[in-house]
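Open the model in your viewer and keep the selection tool handy.

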Amino acid sequence: MNDYWTERATVRRYTSEPVSDELLNDLFLKASHAPTTGNMQLYSVIVTRDEERKKLLAPTHFNQPSVMSAPVVLTFCADYNRFSEWCRRREAVPGYDNFQSFIAALLDTALLAQQFNTVAEMAGLGCCYLGTTTYNAPEISRILELPRLVVPVTTLTVGYPDGDFAPSDRLTPDAFLHSERYHHYDAADIDRIYAAKESLPDSRRFIEENGKKTLAQVFTDVRYTKEASEFFSKVYADYLKMQGF
């Protein structure tokens, strides 16, 4: 367990062994002690086990295989609906239909998701974050029947790992730590920081497969293009307004 922090890996394939409700509830009990804005716990989690429901969700995550292979799919949602309802039923007037409130709920949700990810992996499970959640939030919302002031933020597929997985490559702390003030990166800094990532066999393969000159071009021209980012930005922004924020 001492090597967990540097050896952890994203798990995208799972065995058929189920994740029990008892284990899941215990993990969420532990995860619920993550930091939260004003002790409000501004989140809800939709647990999906049903195969037919997963089939509905899969296209919203671009049919990533882990959605169908995982015994459990968890959709983490920013939720001001529950807290606002509590306020109204206690003779208090909620005023949380705004962007600042969404940010508070977003942070709460992200903290819960990561706390769950950590305790789940420590319990022997494997997890995979699905960044596609915000891309297709309106459709996910329809499938999961989310009410006003509830917005999907991220999704985790969870199960017992099917095989071994290589540790996720990460920049070392000197790449992102700044002493007292922000240090602006010069060319030498960039070369030093990204040298290890650029030299990985997978990185060289990505460059070759996509017909690019550099790994950075794989990100800007293929994976996360400006056009796609602008499109999905508008989708999510419009959806937030529709949901009451």
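A pocket here is an open set of grid points where a 1.4 Å probe fits, with protein on both sides within 12 Å along at least five of seven lines. Keep in mind that this is a predicted model.

Start with the second largest pocket, which has a volume of about 210 Å³. Select R8, A9, V11, L125 and P161: of the 13 lining residues, these lie nearest its centre. The lining of this second largest pocket comprises 6 nonpolar, 3 polar and 4 charged residues.

Next, move to the largest pocket, with about 1,400 Å³ of space. By residue type, the lining of the largest pocket splits into 17 nonpolar, 11 polar and 9 charged.

Finally, turn to the cysteines. How many disulfides does a search of the whole structure find? The search finds 0. Select C87, whose nearest cysteine sulfur belongs to C77, 20 Å away. C87 counts as buried because its relative accessibility is 7%, under the 20% cut-off. Then pick C127: it is in no disulfide, and the nearest cysteine sulfur, that of C128, is 8.9 Å away. With 1% relative accessibility, C127 also counts as buried.

Definitions and conventions: Residues numbered from 1 in each chain as written. Predicted model: local features only at pLDDT ≥ 70, side-chain atom pairs only at ≥ 80, totals over all residues. Heavy atoms only, no water. Disulfide = S-S within 2.5 Å. Buried < 20%, exposed > 50% of the residue type's maximum accessible area, 1.4 Å probe, protein only. 1 Å grid on protein atoms, 1.4 Å probe; cavity = no way out; pocket = protein on both sides within 12 Å on 5 of 7 lines; lining within 4 Å. Points joined across faces, edges and corners; volume = space filled by probe spheres on them. Nonpolar A, V, L, I, M, F, W, Y, C, P; charged D, E, K, R; others polar.
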